[in-house]
Amino acid sequence: MTIDPASERGAHALARLERDRIAWLTSVTPQGQPQTLPVWFLWEDGEVLVYSFRRAVRNRNVADNPRVSFHLADDGRGDDLVILEGEARVDPSAPAARDNPAYLAKYAEWLAEYGWTPEYFSEEYPVPLRLRPTTVRGV
């Protein structure tokens with residue numbers, strides 16, 4: 001599944017996926033309870049990359065059930081929605097955050113505000129999750 005960059009809505013969704021810095025990722029516990037939490041992310045090669053906290057419940061959730069949803073914030077009025085549904089997986093081939101220049105560039109300001117080095121972030125958020133969208137809604 002790809003987002004059509006030639007359409008106005010598709011181009012807008014892709015611009016937001018490049019620009020926005022917070023998204024909401026929903027995974028599901030083995031008991032069937034959805035859990036939605038904010039994440040930092042990078043849109044690359046038609047997938048979402050999230051570096052997940054080492055003890056995040058979502059890591060186990062994704063291992064048990066890869067079906068997730070991912071959405072960007074609306075405009076405060078319920079419009080300008082970008083919602084991806086798809087399958088997530090741990091990607092052991094992904095570079096650590098400290099070795100991902102695009103990710104570091106996107107979040108450099110926030111890392112500095114928190115007083116975090118790329119090395120510290122990579123130790124605390126070492127689990128690379130990739131989301132392959134199968135459905136796009138709201139665009």
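**Figure 1. E87, at 37% relative accessibility, counts as partly exposed.** Buried residues have under 20% relative accessible area, exposed ones over 50%, and partly exposed ones lie in between (1.4 Å probe, protein chains only). This is a predicted model, in which local features need pLDDT of at least 70 and side-chain atom pairs count only at pLDDT 80 or more, while totals for chains, interfaces and linings use all residues. Residues are numbered from 1 along each chain as its sequence is written, and side-chain values use heavy atoms, with hydrogens and water left out. The side chain of E87 meets that of R132 in a salt bridge, at 3.6 Å from N to O; the term denotes a side-chain nitrogen of Lys or Arg within 4 Å of a carboxyl oxygen of Asp or Glu. Because E87 belongs to strand 6 and R132 to strand 7, this pair ties together parts that are 45 residues apart in sequence. R132 is likewise partly exposed, with a relative accessible area of 37%.

Figure 2. Helices (H or I, at least four residues) and strands (E, at least two) are DSSP runs, numbered from the N terminus. Two strands pair if DSSP finds at least two bridges between them.

Figure 3. R130 is buried, with a relative accessible area of 10%. Strand 3 also pairs with strand 4 (residues 47-52) in the antiparallel sense over three bridges, and the bridge partner of E44 in strand 4 is E47. In the loop between these two strands lies D45, which has a positive phi of about 55° although it is not a glycine. At 79% relative accessibility, D45 counts as exposed.

**Figure 4. K106, in helix 3 (residues 101-114), is buried yet has no salt bridge.** Its nearest side chain of opposite charge, E18, is 6.7 Å away; here Lys and Arg count as positive and Asp and Glu as negative, whereas His and the chain ends are not counted. The side chain of K106 reaches the backbone oxygen of D20 at 2.8 Å. D20 is itself buried, at 13% relative accessibility, and forms a salt bridge with R19, the closest N and O atoms being 3.7 Å apart. R16, R19, D20 and D80 are linked in a network of salt bridges. D80 is found in the loop between strand 5 (67-72) and strand 6 (83-90) and has a positive phi of about 60°, although it is not a glycine.

**Figure 5. T26 lies in strand 1 (residues 23-28).** This residue counts as buried, at 14% relative accessibility. The side chain of T26 makes a polar contact with the side chain of T36, at 2.6 Å. A polar contact is a pair of N or O atoms within 3.5 Å; within protein, one must be able to donate a hydrogen and the other to accept it, and residues adjacent in sequence count only if both atoms are side-chain atoms.
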